[in-house]
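Here is a short briefing on one protein model.

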Amino acid sequence: YVQLTKQLQYSTMMARNSLGIWLSLLSLCAAQHIPSCPLTMKGVTWQFNNDTDYSMVSVPNKNLCYEQCLKTEGCRGATWQLNDIAQGVCFLFNNPKDLRMCHYCESAIAPIPVDGVCNSSDDDIIDMYDANNELECIKRCASKPGECQFYSYFGEGSVLPNKCMLLKTCADVTNAEGCPDIHSKQIQCFPPIQKECFNYKELSDVSRREDAGAGNFCDKEDSESVSPDWVGKSWYRVTGKAGNFIPVIQAYYQRCGTEYSGYLNDSHPENQWENKNATVCFTDGENPCAFEKDIEVTNCGTYHVYLLDDVDNCNSRYCTSAKLRSNQRNE
């Protein structure tokens, strides 16, 4: 019995040690994990161009939509949207741009065709798999981020029917005329997207404009004179008659429908999806930055959004402008 107890104690100790080693390995793997290349994204699509883009109804699922894009010359992106009447609509984009929100939809970026067929050396080949279609080949490549940059899919009419070759590079290209039904392409991934670009409130009151006169509005939720378009701390986009931006050059005192006018004492982020911390200054007529508020700004490509909080002093307000830079100066 004593011997059995010692064996059990030893086994328990070893199990605990093994568990500790296993957890350490898991932590190490998690720290070194590289996320896969996102081929699709839910809830977003691109601006549809009636002259260059196409749409099809009665497409029952997203995979059929994406496969149609792969078969369509010039297609660089596809969106499948659930529609009760049309049983699913597939939108094909020749030049996908101006990303925007959509409901019950999912979009995919198409790979870029190579002008010919990749003639790769053994060092360039990562692996070869069976694949029923090109979409399966794309997913295989996307599962190896940072390694797989190109692929060659061998269709049913090729020398290696239904094969998928994953490639690191495609430096040497062969004329495709002698290689029927082989599709060499460069993988494309969705860029990192800031969610606030599609989930924001709007500052649209025309009296916010930097050229509007004085007033008693205040960007504070519990204020008796709260601004009509203010709902408390949130991401905001400047829209409509209010303009497009928070001005970045010092605003006049007693403008923008308030007393203490607020302007961005910083620059806007230049690159799409770039986010930065910034400061809004409120002028009291003597001090151009009598008090300030920390905010965030995100570049969403064709517009910016701002993470704004309640002001500390009433009556104070965030000014807006139709231009990225303004000529206003404090007097």
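Which side chains meet in a salt bridge at 2.9 Å, N to O? They are those of K293 and D312. The model is predicted. The salt-bridge count comes to ten.

**K293 and D312**
- K293 lies in strand β17 (residues 291-299).
- D312 sits in the loop between β18 (304-308) and β19 (316-318).
- The pair therefore ties together parts that are 19 residues apart in sequence.
- K293 has a relative accessible area of 13%, so this residue counts as buried, the cut-off being under 20%.
- D312 is partly exposed, because its relative accessibility of 49% falls between the 20% and 50% limits.

- R208 forms a salt bridge with D219, and their closest N and O atoms are 2.6 Å apart.
- Both R208 and D219 are in the loop between β13 (201-203) and β14 (234-238), eleven residues apart.
- R208 is buried, because its relative accessibility is 0%.
- D219 also has a relative accessible area of 0%, so D219 is buried.
- Salt bridges with shared partners join R208, D219 and D229 into one network.

**R100 and D98**
- A salt bridge links R100 to D98, with 2.4 Å between the closest N and O atoms.
- R100 is partly exposed, at 32% relative accessibility.
- D98 is partly exposed too, with a relative accessible area of 27%.

**S107 in strand β5**
- S107 belongs to strand β5 (residues 100-109).
- S107 has 0% relative accessibility and so counts as buried.
- The side chains of S107 and T79 are joined by a polar contact of 2.5 Å.
- Neighbours within four places in sequence aside, S107 is in contact with L39, T40, M41, V44, T45, W46, Y66, A78, T79 and F190.

**The largest pocket**
- The largest pocket holds about 260 Å³ of space.
- Its lining has 19 residues, and L70, P113, V114, H183 and K185 lie nearest the centre.
- Two elements, α2 (62-71) and β12 (182-186), each give two or more residues to this lining.
- β12 gives the most, with four residues.
- By type, the lining divides into nine nonpolar, five polar and five charged residues.

Note on methods. Residues numbered from 1 in each chain as written. Predicted model: local features only at pLDDT ≥ 70, side-chain atom pairs only at ≥ 80, totals over all residues. Heavy atoms only, no water. 1 Å grid on protein atoms, 1.4 Å probe; cavity = no way out; pocket = protein on both sides within 12 Å on 5 of 7 lines; lining within 4 Å. Points joined across faces, edges and corners; volume = space filled by probe spheres on them. Nonpolar A, V, L, I, M, F, W, Y, C, P; charged D, E, K, R; others polar. Buried < 20%, exposed > 50% of the residue type's maximum accessible area, 1.4 Å probe, protein only. Polar contact = N/O pair within 3.5 Å; in protein donor to acceptor, adjacent residues only side chain to side chain. Contact = heavy atoms within 4.5 Å. Salt bridge = Lys/Arg side-chain N within 4 Å of Asp/Glu carboxyl O.
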